[in-house]
Amino acid sequence: MFRALVWKEWRQLGLVRWGGIALGAVLPLAFLAGAQLASHGLLPTGTVKEYSSRDLMYELLPAGFALGLWPLIGLLVASQAFGGDRAAGTENFLLERPVPRAAVWRARLTASIASLLLVLVATAAVGVMFALLSGPPPQIGWTRWLILSGLGLGLALLAWIGAMLAATLLPSPLGAVLLGGVVGGVPALLAGQMTAAFPNARYGDLHLGMALPWILVPAYVAASFFAASRGEPAGRGRVRRGAGIAVGALAAVIVIFIAAAPIAVQAHARSGTHGLTASVGGGSAFIGGGRFASAGGWIADLKSGKKLRFLAPWVGDVSWKDDGSIVAVVASGGPLGSERERARLEFYASDGTPARPEVQPPDSGFIFGLAWSGDDLVGLAFDMEGHQDRLGVVVLRGGARDWTRTGFERSGGDLRLMERLDDGRVALLNFDLGDRAASGYVSYRGSKIFLVNPKLGKVEGPIFELSSNEITSETGLSPSGRFVVVSERAKEGATPNDLDRPRFVRDVATRQSAPGLAPSARAQWLSGDRLAWTETRSEATSLIVASMDGSQNVVRTWSHADVGIVASPDRRAIFVSVLPQRPKTGAAPAAEGTSAVRDTPMASREGAFEEFVYLVDEDRIVSLGPPFSDRLSDQKYTLWAGPKTLARIAPGVVALEDLNAPGKRRFVLGSESDLR
C-alpha cells in the first residue's frame, strides 16, 4: 500500500520535476543570451562591453541555481505534494479509504524529497556540462561550484520544509508557496539576527544565536505530521495543531536562549587561555577570558581565590589604582551577550561592587587606553568627526563625571600610553607616521615622548625625541622618567631578528648613552631605575640587573637554556623561568608524528630547568620548587597577580600561588586535574 501511495505522489509531481529540469537546462542559455544582448546595448538594465562565457558558467550559473532555481523547486514540490489533493478536491476521498493518514503523509514526504533531489542532481549535471564546454576552470577551480552547491542544497531543503508545513495548513498550493518561503526563511533570518544582536552569547566558535533557531526545522516537520495525521478524519483542527507546534517551538527557542545565554557567555570566558591585570598593591585582580579579555572576565580576590564579579564581554582596557581599591574598565557588554553601541567606563571596588557611576566616552569616540595617577585617570580618546579621525589625550578628575580635554590631539592612531612615573605623571609615546602608500606601507619618521600632567590637565614636552632610525616601546621609560631604552630600527626592507638589534640606555636630559649598558629586547625596568635583562653569549645565558651608574650584578648563568623574566607590579621582584634551549635550525627532525620539543619532558633533555623569584632589594632568590611546566610550548605560563603572588595560567585554568607557600595553589578557574 505504501509503495502505491508513493507511486501516486511521484506521478503527480512529474510536471514539477520536468519543469525544474527544463529550467535548469534553459538557465545557462538565458545567461549567455542576456550577456550577448547586453553587449549590444539591447537590455534596459545596462550595457556590458565584454563578457566571458567561462565566468558566466563558473560564477553566475551556480549562484543562479543556489539562490534561485533550487529553492523555488523546493517550494513547488512540497506545495504540490502536500496541498495538491486538497486543491483538486480529492483529499476527502483519499481520507475515507482504509489508509492510515500517517502513511499518506510519509508517502508525500518520500515522493517530494526524491523529486527535489532528482532535480538538483539533474540541473547540477547540466550546469557542469555547460561549464566544461565554456573552457577550463579558473584559478580557484571548482571551489565556487562546491560552495554554492552546498548553500543551494541547504536553501532548497529549508524551502521544502517551509512549504511542507504551509501546504499542510493552507488549502491553496499557491498560498503554500508564498507562505512556505516565509516560514522556511525564519530559521535562517532568526539565526542571523540573534547572532548579530547577541554576538557574545557563544562558546568558542559556536554562537548560541546561530544554533538554537535550527530547532525550528524538526519542529516544522513535527507540526506538519501531527497536523495531517492526527485529529478528525476530515482534517478539522489541523491548522490549530500545526500552528500551535510551530509557534510553541519558536517560543521555546526564545526561552532557551534567554536561559542559556548567560551560561554560554561565562563558559566561553572560562575556556582557552587567560590574561590577568593586577594592581601594584595586590588584593584583587581582573582575570580576563581570552588573551585580550575580549571574552569578559572576573574580578577575583587574591587571598581566597574567589570570583567576586563577572564582567560581560566586550571588555577592553583595564586599569587598577596603585592601592588596588578601584579598577577602571572600558566595557560595552549588555544583557544576554549583547553589546552596547558605545563602550563606557565602569568603576568597581576591590570587592566587585560598583564604586562610581559609569562614564561615557567624550563626544562620538571611544576610550582605548587607561592609566591611573592618584585619583585621576588618563585616557586616550579616539574621536570621529566628519571624515577625519582624531586621537587625543583626556583626563578624568577624581570623582568627576566628564572628561577634561588636554588639547593634545593627533590624526590617526599614533599615540600610546607608557608607564606611570614615580611623580604621578603618565608618559605618552607619539609615533610620527607618514601617509599610507598605495601598497599599505606606512612610513615611520621618528617618535617623541611627552608627559601627561593630570593635575594641570595638560600634556608637557616633548621630553625626548627619537629619529627615524631609532625606536622605543611603551615600557621603554624608566620609573623616574630619567632614562629610556632605545633600539636601532631595522632599515626599510631588512628583516633582522628583533632580539639582535643593538639597544642603548639614553639619558633623557642629555641624550647620552649610559656607559656599559646594552640591554636585550627582554629588558624590564625595576624600581630605583634599575634594569633587568637576559644576555646570551656563546652557549651561556645570564640574568643581569644593572644600575644607571654602570654597576651590574650577574644574578645567575645557565648553559644551553632559554631564560624568561617577568617583573612584579611593584618592580621589586623578578619571576624567572629557565627552560632547555630550543633545538637550533638544522637539527635532526623528530620521528614522524612527534615533536621533540613539545612532547619530550625537560628532564630528559639537555640543560637545567627551574623557576624562581629574585627579590631585587634583598638580592635573594626564592625557589619555587618543580617548574609549573615541564614541557615547551604547552600553553602554560606565569604572570604576577600581586607583589607576592603569582598566577599560574593554562587553558581553562587560573591558579594563584604565594611566594611564601610555593606549590600551594588557589584555583580561581579550573582545578588541579585540568593541569595534567
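Q: How do the axes of helix 6 and helix 10 cross, and within what distance do they come?
A: The axes of helix 6 and helix 10 cross at roughly 150 degrees and come within 9 Å. Axes are lines fitted to C-alpha atoms, for helices over the stretch in contact, with angles from 0 to 180 degrees between N-to-C directions. Helices (H or I, at least four residues) and strands (E, at least two) are DSSP runs, numbered from the N terminus.

Q: Roughly parallel or roughly antiparallel?
A: Helix 6 and helix 10 are roughly antiparallel; the cut-off for that is over 145 degrees.

Q: Which residues make the contact?
A: Helix 6 puts in L165, T168 and L169, and helix 10 puts in R238, V239, G242, A243 and A246. Contact means heavy atoms within 4.5 Å. By type, the residues divide into five nonpolar, two polar and one charged. Ala, Val, Leu, Ile, Met, Phe, Trp, Tyr, Cys and Pro count as nonpolar, Asp, Glu, Lys and Arg as charged, and the others, Gly among them, as polar.

Q: What kind of model is this, and how are residues numbered?
A: It is a predicted model, with residues numbered from 1 along each chain as its sequence is written; local features need pLDDT of at least 70. Side-chain atom pairs count only at pLDDT 80 or more, totals for chains, interfaces and linings use all residues, and side-chain values use heavy atoms, with hydrogens and water left out.

Q: OK, whole chain. How many helices and strands?
A: The chain has 11 helices and 33 strands. Of its 676 residues, 47% are buried, where buried means under 20% relative accessible area, exposed over 50%, and partly exposed in between (1.4 Å probe, protein chains only).

Q: Which residues touch the most other members of the largest nonpolar core?
A: W70, L116, L165, L208, Y220 and F257 do, in a core of 60 residues. Such a core is a set of buried Ala, Val, Leu, Ile, Met, Phe, Trp, Tyr and Cys residues joined through side-chain atoms within 4.5 Å.

Q: Which helix gives the most to this core?
A: Helix 3, with 13 residues.

Q: And what is F257 in contact with?
A: Leaving aside neighbours within four places in sequence, F257 contacts M194, F198, A201, L208, G209, L212 and L336. There is also a second, separate core of 16 residues, which includes L526, A561, I565 and I574.

Q: Where is G24, and is it buried or exposed?
A: G24 is in helix 2 and is buried, at 0% relative accessible area. Apart from residues up to four places away in sequence, G24 touches F65, L69, T123 and V126. V119 is 95 residues from G24 along the chain, with the C-alpha atoms 8.5 Å apart.

Q: Where is phi positive, then, in a residue other than glycine?
A: S538 is one of them, with phi near 60 degrees. S538 sits in the loop between strand 23 and strand 24 and is exposed, at 69% relative accessible area. D619 also has a positive phi, about 50 degrees, and lies in the loop between strand 28 and strand 29.

Key
Parallel < 35°, antiparallel > 145°, perpendicular 65-115°, else oblique.
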